[in-house]
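Biologist: Could we go through this model together, one question at a time?

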Amino acid sequence: MIKNGQIKKQIKMAFIAALICISAWVLVGSAEKKVKPTQPEIQPTPTAQVQEETEQNPIDFELLQGENPDIYAWITIPDMEIDFPVLQHPADDSYYLTHTELLEKKVRGAIYTERENGKDFTQRNTVIYGHNMDNPKGGMFTALRNYRQADFFDSHRDITIYTPNEILHYKVFAAYETDNRHILFYNDFTTDEGMGKYLAGVYAAAEKDGNVAKDVLVGATDKIITLSTCKSVKESDRRYLVQAVLIE
C-alpha cells in the first residue's frame with residue numbers, strides 16, 4: 001500500500017520532470033529560431049527597362065565639309081521644304097547670295113550667315129538668310145511665307161539646327177514683315193538692355209501685322225535665330241522674318 005507521503009513525492013517528481021521537458025522544448029525552439037537563416041527579400045525583376053536614348057546627329061559633316069568646308073551647320077523644319085546646310089564664307093558675306101553649297105553660281109544661292117555672327121549659335125541673335133524663289137516650285141526659304149497663316153504658324157513651331165558638336169532645338173515665337181535694315185548692324189545685341197529693346201520691337205511688329213506665340217515669352221538673356229528672306233522678287237526692299245528661341 002502506497003502511503004500518502006510517497007504519492008505526494010511521486011506527483012512532485014512527475015511535475016518537475018514535466019516542467020523540465022517543457023523548458024527544454026521552449027529552449028530548443030528558441031534556439032532554432034535564432035539560428036534559422038533569414039530569407040532575403042526577393043525584389044521583382046522588371047520585365048523591361050526603359051533606357052533614355054541619346055538623340056543621334058544624322059548629318060555627316062565630315063563628308064559635307066570635304067565637299068565644301070564653309071558648311072558648318074544644318075537647318076531643318078519638320079513637314080516643310082526647309083532642310084538645308086548652312087554656310088558662311090570666310091571673306092565675302094554676299095558670296096552665297098549667288099552661289100550654291102556646291103560652289104555653283106545660281107540664282108537660288110544657299111542658306112547662309114554673315115561673319116558678324118559666329119558659327120556656334122551662342123550670340124543673342126543669329127541671322128540666317130535664304131532666298132524667296134517666288135515661284136510655285138518653291139525652294140530655299142520660300143516656304144517661310146506660309147507662316148503668314150495663323151494655323152500654319154501654330155503647327156510648325158519647331159526648328160532644329162545640327163552642328164558637328166551639338167543638336168539645337170528652337171521654338172518659333174514670331175513671324176512678320178519688316179523693312180530691309182540690316183538687323184545685326186542697326187541693333188545692339190551686346191547688352192541685355194539692347195536685346196530687350198530689340199525684342200520689344202519684334203513683339204510690336206508681330207502683334208500688329210504678323211503672328212506671335214502666346215506661350216513663349218523671350219527675354220534679354222535668351223538666344224534666338226532669325227530666318228530672313230525677301231518678301232517677294234518685286235518687293236526686295238521688304239523682308240519676311242521667322243524667329244525662334246533656343247529651348248535646349
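This is a predicted model: local features need pLDDT of at least 70, side-chain atom pairs count only at pLDDT 80 or more; totals for chains, interfaces and linings use all residues.

Biologist: Is T160 buried or exposed?

Modeller: Buried means under 20% relative accessible area, exposed over 50%, and partly exposed in between, using a 1.4 Å probe and protein chains only. T160 has 10% relative accessibility, so this residue counts as buried.

Biologist: Which residue's side chain makes a polar contact with that of T160?

Modeller: A polar contact pairs N or O atoms within 3.5 Å; within protein, one must be able to donate a hydrogen and the other to accept it, and residues adjacent in sequence count only if both atoms are side-chain atoms. Contacts in general (heavy atoms within 4.5 Å) link T160 to W74, I75, T76, I167, L168 and H169, leaving aside neighbours within four places in sequence. The polar contact, at 3.5 Å, is with the side chain of H169.

Biologist: Which element gives the most to the lining of the largest pocket?

Modeller: Helices (H or I, at least four residues) and strands (E, at least two) are DSSP runs, numbered from the N terminus. Among the elements that each supply at least two lining residues are β6 (167-179), α5 (183-186) and α6 (192-209). With 6 residues, the top contributor is α6.

Key: Residues are numbered from 1 along each chain as its sequence is written. Side-chain values use heavy atoms; hydrogens and water are left out.
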